[in-house]
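Look at the model first, then read on.

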Amino acid sequence: MSSETIVPPAVVLAKPIKSELLSQRVAAARWFLIPMLVALAIVAGWPLLRSIYFSFTDASLTDLYNAKFVGFKNYISWTTLKSGRTIYSGLLVDPVWWNAVWNTLRFAVVSVFFEAVLGMIVALVLNAEFKGRSIVRAAILIPWAIPTIVSAKMWAWMLNDQFGILNDLGLRLGLLSEKVAWTAQPDTAMTAVLIVDVWKTTPFMALLVLAGLQMIPKDIYEAAEIDGVHPVKQFFRITLPLVRPALMVAIIFRLLDAMRIFDLIYVLTPNSSATKTMSVVARENLFDFDKFAYGSAQSTLLFLIIAVMTALYIWLGRVRFDGGDR
């Protein structure tokens, strides 16, 4: 009797059919991606390359096309005097720029931290079963749905030292002894901006975390309750590890947004050195001060800082965008 194994025809044909179907899907995906990639190259790639180019020139807003190449002069340059003293100038030694970098990093870290914590709490509440849950879920998104400029102007009036409702309530309740100019004083300006940003963006974080919570099977919690596991232990042993991939992705999206914050600060505290971020300072040099090349250098450095921080976060946090950990 022969020892050869007879393979059914269906099994032999399965691999070519599957391979052909996969190749068709890949080809279709490429055709769908081409318009998006072209659009990104036009609206994002080309302006980015032009900004990088202008950062190495002496371009001004009134004369962009006759700019001359000056190398790294906008980033760092130095002049040696007859006395032997060397004077440095440029973006890398500009105290205004590094103050903006510090303000941006502080704003990003603090705001994302509180938004992640509060977003997790809100998501846990919305994930529970209670009457009217759908209405509460819709209502919690209202702050995030309001345009940033509108919410910034609304909070600007609420924080006003003469007519603001927060000062009025603080005086009535005895929490304040006098009216406070929240957005004008250096020691309270950043706090005011952080409060507004956390109020507005926490629903976004809660929405992403809630999506992750709803992917967790309820059987796990039922088994934990049968075993007598305390709810606090359930959170740290079950909920947090399983929702971690969604939470890490939510944090990186929010971190990218916080690092390039502009509109909220420009409306609430446009001229405060305590809150000026990299985007605000770059915009001032690009358009207000007619230092287009210098502003382009700041924009380029802003891009590099965000790219480096994002890469470090993905590497250290072991973030995967297809779910799970590395």
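One aromatic cluster is formed by F56, F69, F72 and Y75. The model is predicted: local features need pLDDT of at least 70, side-chain atom pairs count only at pLDDT 80 or more, and totals for chains, interfaces and linings use all residues. Residues are numbered from 1 along each chain as its sequence is written, and side-chain values use heavy atoms, leaving out hydrogens and water.

**Aromatic pairs**
- The whole structure holds 12 aromatic pairs (rings of Phe, Tyr and Trp, the last by its six-membered ring, with centres within 6.5 Å; planes under 30 degrees apart are stacked, over 60 edge-to-face, the rest tilted).
- F54 and F292 are edge-to-face, because their ring planes stand at 85 degrees, with centres 5.4 Å apart.
- This pair links distant parts of the chain: F54 lies in helix 1 (residues 9-54) and F292 in helix 12 (residues 292-316), 238 residues apart.
- Helices (H or I, at least four residues) and strands (E, at least two) are DSSP runs, numbered from the N terminus.
- Both F54 and F292 are buried (under 20% relative accessible area; exposed is over 50%, partly exposed in between; 1.4 Å probe, protein chains only).
- W78 and Y88 form a tilted pair, 6.2 Å centre to centre with 55 degrees between the planes.
- W78 sits in strand 1 (residues 77-80) and Y88 in strand 2 (residues 86-89).
- W78 is exposed at 54% relative accessible area, and Y88 is exposed at 51%.

**Helix 1**
- I34 is in helix 1.
- I34 counts as partly exposed, at 41% relative accessibility.
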